[in-house]
Amino acid sequence: MVEEMRSADSAREIPPRRFRMPSVVVLIQIAFLLLVAAIAGGVCWSAHSRLAFMAKIKAAGGNVTTSPTAPHWLRMTIGVELTRAFDDVTSVSWPDAVDDQFVRIAKFGSIEKLSLHHPKLTFKGYAALQSISGLTTLSITDTTLSDAEFEILSEMRSVRELTLEGSTVDDRSLLFLIREMSLTSLDVDSTSVSDVSLKELAKMNNLHYLSLRMTKVTNDGVRLLAFLPELKYLEVSDTHVTPEAFETPGGFAKLTYLYLSNTRTTDDSLFKLLHLPSLEFILASGTQVTKFGSERLNQVKGRRFVSNQ
């Protein structure tokens, strides 16, 4: 009897299930979820890396300016700082930049303005500039540049505003640069640039801003700039330039702002500038211009035209 019961129980035992492969649809769903997770992880890591890079620049005394890309409601919901990782970087100011960190500048993709004060870069660091698209304003100040590094700069054809104040710029290197670039603004303050460069600068018809403070330029060189069609701002303080450089008939037609501080400018020579049709303001501090002379000119113009303060 017992044996019969055991036989009956054995007959009722459920056979082991066979392994069944998931359907194609399930496999596709799993693959899709894994792909989404991988993409999300990559985006989060990229955002974290970008924010960390911004923080390093700020810690070095620099600054990063961004333009929001996320809608206002999203920035207010999850926080401005979180969405900042996905903003467009418009401007970077970075003092004492070094190669190992600067080569990561490509993380920002497109940058409009870049300012490097006293950079400690080598050719490797400057080569990273070529990874930046859309750069229109570049400032590299108080540093030494090699011929190879000048060549890198000359290849940055999108740059329209260039500042090289206090850098190792001379006539030879500047001539090489400006023949390759189409500039609207140039600042070469505190360099060894001379009249030789001005002969070439006189061909830059789009130039509207030119700063030559503490350079080797003279009246003869400045006269070469008389017929630059768009020149509105000219800085020649701390040079040998005087108002006599602007006597060319019909010249400097659009010149609006003129800086002559610490030059051999006098009351009488200032009156020679009254014929310039667009001139609105002259700064002549540290010159022989007297308070009486500046007030006379201001009265002639009917407004504040000259400052010697």
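**Note on the salt bridges of this model**

1. Lys 272 is partly exposed, its relative accessible area being 35%. The model is a predicted one, and in it the side chain of Lys 272 forms a salt bridge with that of Glu 247, at 3.7 Å from N to O. Lys 272 sits in the loop between α11 (267-270) and β10 (281-283), while Glu 247 belongs to the loop between β8 and β9, so this pair ties together parts of the chain that are 25 residues apart in sequence. Glu 247, with 38% relative accessibility, is likewise counted as partly exposed.

2. A salt bridge of 3.3 Å, N to O, joins the side chains of Lys 254 and Glu 230. Here Lys 254 is found in the loop between β8 (233-235) and β9 (257-259) and Glu 230 in the loop between α10 (219-223) and β8, so that parts 24 residues apart in sequence are tied together. Lys 254 is partly exposed at a relative accessible area of 35%, and Glu 230 is partly exposed at 29%.

3. Two helices are involved in the pair Arg 172 and Asp 147, whose side chains meet in a salt bridge of 3.0 Å, N to O: Arg 172 lies in helix α8 (residues 171-180) and Asp 147 in helix α7 (residues 147-154), which places the partners 25 residues apart, in distant parts of the chain. Arg 172 is exposed, with a relative accessible area of 54%, because exposed means over 50%, whereas Asp 147, at 48%, counts as partly exposed.

4. The count of salt bridges comes to 10.

Methods:
Residues are numbered from 1 along each chain as its sequence is written. This is a predicted model: local features need pLDDT of at least 70, side-chain atom pairs count only at pLDDT 80 or more; totals for chains, interfaces and linings use all residues. Side-chain values use heavy atoms; hydrogens and water are left out. A salt bridge is a side-chain nitrogen of Lys or Arg within 4 Å of a carboxyl oxygen of Asp or Glu. Helices (H or I, at least four residues) and strands (E, at least two) are DSSP runs, numbered from the N terminus. Buried means under 20% relative accessible area, exposed over 50%, partly exposed in between (1.4 Å probe, protein chains only).
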